[in-house]
Amino acid sequence: MESLEARSRDVQERTFCKWLNTKLESNGYPAMSSLVKDLSDGVKLIQLMEIMGDVSLGRYNKTPRMRVQKAENVNKALEFITSRGVKLTNIGPEDIIDGNLKLILGMIWTLILRFTIADISEEGLSAKEGLLLWCQRKTEPYKEVDVQDFSTSWSDGLALCALIHCHRPDLLDYDKLDKMDRHGNTRLAFQIAAEHLNIPQLLEVEDLCDTRHPDERSVMTYIASFFHAFSSMDQAETVSRRVEKFAELMQSVWISKNDYERRVRLLLLAWTEMQTSWRASLFTGTYTESRERSAEFSTYKQTVKRAWVTEKQDIATLFGNVQTKLKTYGLREYVPPPNLSLLDVDDAWKALLASEAQRSRAINAEIRQIKETLRKKFAEVANDFEQRLHAISSELTSIDGPLEVQQQSVEQIQTRLPALSETLNYVSEAEAECNAANIEENDYTIFTCQDLEFELELLVQRISKKIAFIDNQIVSRNMTNLTPAQLEQFESTFRYFDKDESNTLNQSEMTAALASLGIVYSDEDMDYIYDQLLQDYGAVSFEAFINLLVEITEDQTSPEQLREAFRGIASDKPYVTELDLRIAHLRTPSIEFLRETMPHTQNETGEPEYDYERWLDDVFA
């Protein structure tokens, strides 16, 4: 402990002596070499108090030889220190005259605190705490530096380098420092501080790097020099920044004013051009063009207008910012040039909104008028088409007279159908225009294009059926060897199996029709019959079918032919089942009749087996 205290006193004596010498030398006084020797006569002490207090202490003994003269000098200096509110404890003139180093160091430290450290302030903290906080804030960005005190935190030189780099990065490259070179970093910081910052080297490299606990008072004294050096630099920079800030303010206000005027002119011009464009725009009378105008107007409201609203608000904000800046610094209020004030902008905006409303009403009125025109157009062609349909239908109903005359009349009506179908295309086009215009209701007609298409289809079918009916009637009239009942049966069978209503039968339809009448042939025979009919008639028409049945029915009452027919249905079994009859496509009434009249037995599954041989024997007996 005695060795540590002795080392601290040694460091303090050298540090304090250098600190005092900076005061003396800067005012033209010779430097001291020893605190004990040079302060003992009070002369240097009085000179230091006059320098620190910036005041004269009056007459004193400049070359004292006697102890009493030295005591007078020292006492004058101590009284001045006390008068400045510095409390000195346990030290008198004799302690300084007799060279009590411990008390002398304590007194000098008190002077350092009072005249160098006490005026340091940082975020409400003063003296030591304020100086420490200042160091911490300045070195915070440097990850290798952690300032917690005025002792070990400064032992590697990095904190000193960080302080210098923070304020003067041009003096050293912190990133290139060897973070492990404690002596080199400390020596570099001392050198730069002395040569470039006018901070005297109060400490030695060994005072920081070669001791476990560097002396706190000595370190504080040295670091305080950095604070004052950089504070002076900051004050000079503050003056420059004040002028620069005002110049920047005026420049920013000038830029903002010019920007405001430029943007207002552009905005007012854009509004004027838009209104001129609306007034010059003419409608062509088509729904497509009107919808395009409406879509363009909607797009304008969702894009251009919103951009204008935003720009109008931004301009108002910009104007307010300019006025706020000027008011904050007590400068003259900004008055925009004529026709560029915010009031002028509001008036122009109101005029734009009025034109916009007029434009919207014009577009909507045009669309309503076009829709009304389209409704009337469709109603006219639809009603006319329906009247023509009705006229033809009535004409078809009123046809009378001999079959040949009726046939000519119906065929003449049929020739008018293509022209009627062509007219329906106009109806469809008119309806498509209405659909494109989103017209859902039409008070001028009750018809739709689908309604008319359906009625036309019915008329076409009706004419086709009428022609087939007349043709069949002519054929039936000429078949004198058939009874009316037979003709009715054959005609109904033909119509039933004519699935596509083409008045012809294909081979499968003909086979089924014959089977329903109880006429069954082998596939080979059926192919021959069908091919023969195609050669003779071109198709199995009603006439061909009737003639075939005439040929068949002329001898169909032969028992052998009936037995052969039943064997064909039964697949050569001595009996037939209900399933055999249905597969042969017999009509339901015929099947029911045969089930009730033919004798039958039941097989092992309980299904009836009808004995057609026995029944035919009974019938023809």
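**Notebook: cavity, pocket and a helix pair**

I searched the whole structure, a predicted model, and found 1 cavity of 30 Å³ or more. For my own record, a cavity is a set of points on a 1 Å grid over the protein atoms alone where a 1.4 Å probe fits but cannot get out, and lining residues have an atom within 4 Å of a point. Grid points are joined across faces, edges and corners, and a volume is the space filled by probe spheres set on the points.

Ground rules: residues are numbered from 1 along each chain as its sequence is written, and side-chain values use heavy atoms, without hydrogens and water. Local features need pLDDT of at least 70 and side-chain atom pairs pLDDT 80 or more, while totals for chains, interfaces and linings use all residues.

**Cavity**

I noted a volume of about 60 Å³ for the largest cavity. Its lining is made of Leu-4, Arg-7, Ser-8, Val-11, Asp-207, Thr-211, His-213, Pro-214 and Asp-215. Helix α1 (residues 2–26) supplies the largest share, 4 residues; helices here are DSSP runs of H or I with at least four residues, strands are E runs of at least two, and both are numbered from the N terminus. I sorted the lining into 3 nonpolar, 3 polar and 3 charged residues, with Ala, Val, Leu, Ile, Met, Phe, Trp, Tyr, Cys and Pro as nonpolar, Asp, Glu, Lys and Arg as charged, and the others, Gly among them, as polar.

**Pocket**

Next I looked up the largest pocket, about 1000 Å³ in volume; a pocket is an open set with protein on both sides within 12 Å along at least five of seven lines. I see 36 lining residues, with Leu-517, Gly-518, Ile-519, Leu-562 and Ala-565 nearest the centre. Two or more residues each come from α18 (484–497), α21 (542–553), α22 (559–570), α24 (588–597) and α25 (612–620), and α22 gives the most, 8 residues. The classes are 19 nonpolar, 11 polar and 6 charged.

**Annotated stretch**

UniProt, in an unreviewed entry, annotates residues 485–520 as "domain: EF-hand"; such annotations may be inferred rather than shown by experiment. I get 64% helix and 6% strand there, with the end C-alpha atoms 21 Å apart.

**Helix pair**

Last, I checked α19 (residues 507–516) against α20 (residues 523–537): they pack at about 115°, axes 11 Å apart. Axes are lines fitted to C-alpha atoms over the stretch in contact, and angles run from 0 to 180 degrees between N-to-C directions. In the contact (heavy atoms within 4.5 Å) I find Gln-507, Met-510, Thr-511 and Leu-514 of α19 facing Met-526, Asp-527, Ile-529, Tyr-530 and Leu-533 of α20. That makes 6 nonpolar, 2 polar and 1 charged residues.
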